Amino acid sequence: TTTTLVLLKSIYEEGLKEISSGKNPITIKKELNEELNNILRQIDGLKRKPTNDDLISVGSISAGDIEIGKFLVSIFDRVKHKYAIRITTSNNEKTYYKIDKGYSIDTDIPNIIQEDIEMDNCYIGILRGYLSDLNVLSDIINECINLNKNLVILSSDYDENIERELLAYFNDKPNKIYVFKTPDYGKRKITIENDIAHLSKANIKNVDYEKVYSSDFGKVNKIIVNKNGVIIINDIDAGKKINEIEQVLDKCEDDYEKEFHMNRLSKFQSGIATVYVGGNSKTEKKELVMRYIDAVSAIDMAYNGVSIGEGITLLKVSHSIENTILKKALTVPFLKIMENAGENAIGRMNDIENSNFNKIYNFRLGAYENIDDTKIIDPTLVIMETIKNAVSIASMLLTTNYLVIKEKIKNSTIEL
């Protein structure tokens, strides 16, 4: 963020001054990290639980549009976290969202399928290995033809001719049979297969060495196939599966893995919301999509707690730390905000400090307001990540003296 760069510049410059006066860079790094832990504890202690208005405010500031903030918070109320929200472009100028109640699977869909296809009381099969011959599935295919039932097969891999044969044969038939690839790789693919098996009561079969019977296939209330993938809907008691996923999440430390399991959890709980962002042109839609994505991340972080605006929060913390490098750096974001707004930065800072941080200056209103009434708030996690990143990068620069960048910009210098 911009605040990270502002903090980084100040920490680095002040650190260089201390090195020039003879201080060991490793000592500086150690002191910065020790003080950082103290700062993070203080910032965390200043947070409060967000209200609905707080969430709207955070989303609106991030997207630059209050209507976007309101719109996304209304979706969060239903699906609870950002991993259950997808942002894509609309086919027209209108923006809307749809919540798919069910287990959604992101997989490649043949171009021939342009509209949503809904199949009630559908059979489903889960296959591992390489499906090279439709005769392996003769039992279930014949049963579906005789009973006029629909069938969806999820396979680890298959011969492309199988997909074409099924599409050609069932194109004009009242019932449909589709084959799609199970997404992802390794343990994730196995996890997805197990989720679907739990949802459908299907047996997972490996076609490389196992015979497949019609009794191995499960049955669900509905399957929806659209251009984004497959959605499986079935009325089951998902309590056991939800508890299982929550236990995995409790032990999960990797953000990438946490996102995967949070996504799984939402599929069994509230469903997946897809936001279709409209606009008058492709360029406008793409720009709006980025704003929606930023706002979703900001709102999600705000659920963990909010603090009074980043500038004043860091300014307040600066009064209770000892490290001279960070003490000065934490005042810089507030001063820079005031300068950019054309205000007397030092004067505003002195007024707020003299009020014991009970008031804040809202430059949009051109007036001070009570700290408890202000709408100037930021997600606490964002503030904490900002200072963590700044200290980390500055420490590296102060102890190595080098910075690697991807390319050289002609006739330009990089100023930290």
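Is Ser 10 buried or exposed? Ser 10 has 8% relative accessibility, so I put it down as buried. My scale is relative accessible area with a 1.4 Å probe on protein chains only: under 20% is buried, over 50% is exposed, and in between is partly exposed.

Before going further, a note on what I am looking at. This is a predicted model, where local features need pLDDT of at least 70, side-chain atom pairs count only at pLDDT 80 or more, and totals for chains, interfaces and linings use all residues. Numbering starts from 1 along each chain as its sequence is written, and side-chain values use heavy atoms, with hydrogens and water left out.

**Ser 10 and its helix**

I found Ser 10 in helix α1. Helices here are DSSP runs of H or I with at least four residues, strands are E runs of at least two, and both are numbered from the N terminus. Not counting residues up to four places away in sequence, Ser 10 touches Lys 328, Ala 329 and Val 332; contact means heavy atoms within 4.5 Å. I also checked Ser 10 against Ala 390: they are 380 residues apart along the chain, with C-alpha atoms separated by 9.5 Å.

Helix α1 (residues 2-20) packs with helix α15 (residues 380-400) at about 35°, and the axes are 8 Å apart. The axes are lines fitted to C-alpha atoms, for helices over the stretch in contact, and the angles run from 0 to 180 degrees between N-to-C directions.

Who meets whom? In α1 I noted residues including Leu 7, Ile 11, Gly 15 and Ile 19, and on the α15 side residues including Ile 387, Ala 390, Ala 394 and Leu 398. By class, this contact has 13 nonpolar, five polar and no charged residues. In that count Ala, Val, Leu, Ile, Met, Phe, Trp, Tyr, Cys and Pro are nonpolar, Asp, Glu, Lys and Arg are charged, and the others, Gly among them, are polar.

I counted eight aromatic pairs. Rings of Phe, Tyr and Trp (its six-membered ring) pair if their centres lie within 6.5 Å; planes under 30 degrees apart are stacked, over 60 edge-to-face, and the rest tilted. Phe 71 and Tyr 97 make an edge-to-face pair, 5.6 Å centre to centre with 75° between the planes. Phe 71 is in helix α4 (residues 66-79) and Tyr 97 in strand β2 (residues 96-100), so the pair ties together parts 26 residues apart in sequence. Together with Tyr 292, they form one aromatic cluster. Tyr 97 is partly exposed, at 26%.

Tyr 97 turned up again on the contact list of Thr 274, which also has Arg 86, Thr 88, Tyr 96, Lys 98 and Asp 100, leaving out residues up to four places away in sequence. Thr 274 is in strand β10 (residues 272-277) and is buried at 5%.

Most residues other than glycine have a negative phi, so I looked for exceptions. Asn 121 has a phi near 45°; it lies in strand β4 (residues 117-131) and is partly exposed at 37%. Lys 201 has a phi of about 65°; it is in the loop between α7 (186-200) and β7 (204-206) and is exposed at 61%.

**Last two spots**

Pro 174 is in the loop between α6 (160-170) and β6 (177-181) and is exposed at 67%. Leaving aside neighbours within four places in sequence, Pro 174 is in contact with Asn 148 and Asn 150.

Glu 353 is in helix α14 (residues 345-354) and is partly exposed at 23%. Glu 353 touches Leu 315 and His 319, again not counting residues up to four places away in sequence.
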